[in-house]
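Here is a friendly briefing on one protein structure. Take a look at the sequence and the model below, and then we will walk through some of the contacts and links together.

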Amino acid sequence: MEQISRALVLLATVLCVAVLVTPGVAHDQPKPPLTFPIDLKKCWSSLFNVNGCVFQLFESVFSGKFGNVGIACCKAFSTIDANCWPHMFPLNPFFPPLLKDNCAHIVPNLQKH
């Protein structure tokens, strides 16, 4: 019985040491630098080049209406890589495809991405 008690105490001690030492070891390792696979500045750049386009898009996001998005804004939006969309509109993933469909009605033969 005494051997079992000693084994349990030893096991508990080893587990406690492992729990306490492991975070310290992980803490000392260098952290990888933050990198973003998508360049958000590049994603938004074509929209910022069209006067009022970003405002038109945000107005559409919050109202759910696309009537205020102009032809120039639709053309600029059509040039954005589809990989940018989830990063540009993370809270509304349905907005980019809806806008793309709406713009296709406004400006025929838009560039497809």
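## Where two helices meet

Trp44, Leu47 and Phe48 in α2 meet Cys53, Val54, Leu57 and Phe58 in α3, where contact means heavy atoms within 4.5 Å. Helices (H or I, at least four residues) are DSSP runs, numbered from the N terminus. The model is predicted, so local features need pLDDT of at least 70 and side-chain atom pairs count only at pLDDT 80 or more, while totals for chains, interfaces and linings use all residues. Residues are numbered from 1 along each chain as its sequence is written, and side-chain values use heavy atoms, leaving out hydrogens and water.

**The α2 and α3 pair**

- The contact of α2 with α3 is made up of 7 nonpolar residues, with no polar and no charged ones. Here Ala, Val, Leu, Ile, Met, Phe, Trp, Tyr, Cys and Pro count as nonpolar, Asp, Glu, Lys and Arg as charged, and the others, Gly among them, as polar.
- Helix α2 covers residues 40-48 and helix α3 residues 53-63; they pack at an angle of about 105°, and their axes are 8 Å apart. The axes are lines fitted to C-alpha atoms over the stretch in contact, and angles run from 0 to 180 degrees between N-to-C directions.
- That angle makes α2 roughly perpendicular to α3, a label for angles of 65 to 115 degrees.

**The two sides of α3**

- Which residues of α3 are buried? They are Cys53, Val54, Gln56, Leu57 and Ser60, where buried means under 20% relative accessible area and exposed over 50% (1.4 Å probe, protein chains only).
- Seen down the axis of α3, these buried residues fall within an arc of 160°, so they line one face of the helix. The arc is that of the directions from the helix axis to the C-beta atoms.
- An α-helix has 3.6 residues a turn, so residues three or four places apart point the same way.
- On the face of α3 turned away from its buried side sit the exposed residues Phe55 and Phe62.
- The cover over the buried residues of α3 includes α2, α4 (71-78) and α6 (95-106).
- Just after α3 comes Gly64, with a positive phi of about 80°.

**A close look at Ser60**

- Ser60 lies in helix α3, and it counts as buried because its relative accessibility is 1%.
- Leaving aside residues up to four places away in sequence, Ser60 touches Lys65, Phe66, Asn68, Val69 and Phe95.

**The disulfides**

- How many disulfides does the structure hold? There are 3, a disulfide being a pair of cysteine sulfur atoms within 2.5 Å.
- Cys43 is joined to Cys84, S to S 2.0 Å, and this link is left-handed, with -70° about the S-S bond. Cys43 is in helix α2 and Cys84 in the loop between α4 and α5 (85-88), distant parts of the chain 41 residues apart.
- Cys53 and Cys73 have their sulfur atoms 2.0 Å apart, and their link is right-handed, with 65° about the S-S bond. Cys53 lies in helix α3 and Cys73 in helix α4, so the pair ties together parts that are 20 residues apart in sequence.
- Cys74 and Cys103 have their sulfur atoms 2.1 Å apart, and the torsion about their S-S bond is about -70°, so this disulfide is left-handed. Cys74 lies in helix α4 and Cys103 in helix α6, so the pair ties together parts that are 29 residues apart in sequence.
- With the bonded cysteines numbered in sequence order, the pairing reads 1-5, 2-3, 4-6.

Definitions and conventions
Parallel < 35°, antiparallel > 145°, perpendicular 65-115°, else oblique.
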